[in-house]
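Thank you all for coming; I would like to take a few minutes to walk through one structure with you, so please have a look at it first.

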Amino acid sequence: MGCVATWIWMMAGPGKTMAYAEGDLGIRMPGAGHTTTTSYVVRFFVSPSLTPSKVALLYRDREGKTVRVQFAPPIVPGDTGEYASLIEKMGTGSNTLRLEVVRESGSVLTKERTIQVDPTKTNILTQPVNTPPYTTNPHAFKNLLSKNHRLTAQEYGIPPKDDAYISRFVDLLLAQAQAESIRPDVVFAQIMLETGWLGAPGVVSDSQFNFGGIGATGGQERGNVFVSVQQGLQVNVQHLLAYADTTMPLNPLVDPRFHYVPRANAPYVEELGYYENVHGGGWAMGAQYGYHIRRIMKELSLTDTAPFSPRPQAPEFLEVEVARVLRDQSNPLNIRIRPDLKPGQELRAAAASTSDTLQRFHFFYERTGQLRTTPWSEDGAVFELPATQGQVRVVAQLRARGGSGIEKSEQKIITLGDSGPALPLAQHPALIGRLQIAPGPYLVGRAYRLEVGGVGEEADGLNEYRLSVEAGGTKKLLADWGAWKHLDYTPLVAGEQELLLESRNRLKGSDPEDACILRIVALTGPSAIQSVEWSKGPYEMGQPMTAKVTAASLTDPLAYRLYVCQAEEDIPLTPWQTNPLLTWNPAIGGKLALRVALRNQKTQTVEMGPKKSMEVALKEISPEGPSGYSPENPFGVGVTLLELPEEALAGQWIWAKWAGHSEEPLWYRALLMDEQGRLKKVLTPWQTASACRFMLPQGAYQLRILAKHPQSKSFYDAAVQQNILGHPKARRIYLDVPHGAQDYGVNRRVGAAHYAEKNFSLFFARDLKTELERRGFVCELSRAADVYLSRQERSAKASASGADLLLSLHVMESSDPSYEGVGTLYPTQKTKPEAQQALGQSKAWATLMVQDLLPLYSKHQKAQGDERQRQLLLREVPMPALRVHLGYLSNDQDFARLRTTAFRRAFCQRLAQSLEAHWDEVFPPNLP
């Protein structure tokens, strides 16, 4: 049967009428009648068969003017005609998107789509000042859930959850949301949407406690399994936090997919849907996903808040699961029910009930009479089976929370091994029981022992193994099939690498029957801290303490540094030194966390050791300040005067001056404290100078001056303090992301796959933006999605951004495949006379960045001036600007590097470090 096409007749111009197939032209997203915010990524398609010469998109802006965005037609052979455009500042209310296509023949085709534009954005966090009021009354949550859940249970014919379960579920949800500062109505509405009011059947089962579909990536993939309602809710809240903010959870991290989320990608509810997210991400693919959540939130705000009275209900078993779990394999996706459990394996049992109950399990081994009973709990149980064959009776019992009697009991018999004739050896499965590696840290060039083992004694004698490693985008076979039990592995490259162990039955000699992946990270520099020996306490202010570091290095000399950890920030106490004996004279008291850092002097890579907590005793100081001789202050030491401005500009240098109180010269030390009196930074070592220069961070601080006599080990005065406020002076960087949409840029094809410059530039820019903002920079992207902006549009946006520096990220290609490595290009002229000062700064940045990025590449291209003036963007913007070449797609080594996440992260970290380290060198602050 042939395909029936729908044909539409349109007026194409004066006296011209033509027809085109419906599938050749259209707006994919948004759908008709959809609601969107004022910024939106419109996705549409124009078939190349229409031979378009111009493509334009029209809409109404906030001022009522019609905006026309024009696109070039597809330029890549085989292009499907897919387009995407970021529309900003659309007019509110009903808005019509109009797609116009001018064909080479001169005829015009149009397509229209009407959408509703709502400028309202709903924060996911409770902290922002513009967060609107939201419902916190638990009765509203319970009443709405109870009503809708019962309707869902009736519709799908499933046993309903009783009021006790609903009441406890809501209480746990509110507590978890409050703990991470996430709006509880957002968590509630999203879970209700995902689970169909805790009742609709789907791929994710009720017993998984997976309320957000975490890990259910499509098809029949069930997703992650969690042990309790509380853990499932905690995972859901932490996953929302990952989308909403860049901070880490306050509670222990239990979300197994937290680090896969592009951080702060969707701070608003409306952006949780993929198609409504301007950054090209989002929680779910369903259209209008965030607006469906908003609808449930609105319904919640209108719900009755009368007290919710739980009604008890008799418990009823829904299921008893007995699942096989391989030892040393924590991925819950591998859990599956098996009838052929083997002796010595681990067993997971879980009972689900329709009531608010506790559960416990009896495991009774029939052959020996051995009995094990788990404690009463709301979770499942994990039990290691006996080492011999036979039957085990698993009994699950339920009792009401707070009660003493057993209300329900059910049992299941499982068999260990085979109760009939023994299996032929060739039929035993080849299962991996363990894959272990000697503890790290792992150094490049040093060997580490791997040990493997099967499941059960018989399997261990039949298994043979194959080991591969994947690092830097390259996969290599380390050991082919063999019955080996251990192997020495030597990391040859730095960064994250995956060891893939495969197992098969050597008698069958078939394809692998089981596999296991082990991830390790080898240090970028072949050096590591092995141990730190701390001086013995008690520790007192003014008395030195030491840390003796033992470290490993294969090649280069090492440098050491001591840090104190305050408010999750590492503050240096000593300069970098080659002597592994570090000495510190505590200038603050209380419980401190110290850690030692190690740096390879050649690569400048820093490895931080574990924290060491210690109690430093305070020395009492008279609040009146210096008062001459006293038993505590026999030298009459003190600070009498402190001069510094009350306010300063953050990011610029200021001076502090003070005067001492003593007949003899004194030693001084300056400390910067936060508003809570915690050490923020040690400004000076002990010195005789009565002044210091320092750069003030943004915020409110106290400057504290300590004084001591040269012949004394103790300091005496900390009474002279002065508050100082640092106003923000942001270090602004504009990241130009070239190409986009139909403009692929440099493109390399491998089979049917395209590796386009537009994607590499965007991926590197996103990670670099995250890294820079983590270091306090303000960073703006020219585009955050797969959209196209002309050079004039990019230049205008960059000039209006007020940035201090522009970086344009590109990948290159060459007819000579040996060309590889990083390079930079800087302008030698500016179109505006007032921007001439930026030329020298552009050249300085270009030279510094190439030097700092060298260790990541085997070769490099030098910093070059754009003598031919071809890079118009660099000339047109008023700030210092340079083009950064990430590598060559035409070179196999660069191509392999660019495709790995580990290299991209290392590149962005090193580039951010370079900008931070040289900022004041290239942009010197105004000194007083």
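I will go from the whole chain to its nonpolar cores and then to its cysteines.

Please keep in mind that this is a predicted model, in which local features need pLDDT of at least 70 and side-chain atom pairs count only at pLDDT 80 or more, while totals for chains, interfaces and linings use all residues. Residues are numbered from 1 along each chain as its sequence is written, and side-chain values use heavy atoms, with hydrogens and water left out.

The protein chain has twelve helices and 49 strands, these being DSSP runs numbered from the N terminus (helices H or I, at least four residues; strands E, at least two). Of its 928 residues, 49% are buried, meaning under 20% relative accessible area with a 1.4 Å probe, counting protein chains only.

The largest nonpolar core, with 49 residues, is a set of buried Ala, Val, Leu, Ile, Met, Phe, Trp, Tyr and Cys residues joined through side-chain atoms within 4.5 Å. Helices 1 to 5 each supply at least two of its residues, and the largest share, nine residues, comes from helix 4. L145, one of the residues with the most contacts inside this core, touches I166, F169, V170, F188, M192, W197 and L198, leaving aside residues up to four places away in sequence. A second, separate core of 42 residues includes Y826, F903, A912 and F923.

As for the cysteines, the structure holds zero disulfides (pairs of cysteine sulfur atoms within 2.5 Å); C692 is buried at 5% relative accessible area, and C779 is also buried, at 8%.

Technical notes
Buried < 20%, exposed > 50% of the residue type's maximum accessible area, 1.4 Å probe, protein only. Contact = heavy atoms within 4.5 Å.
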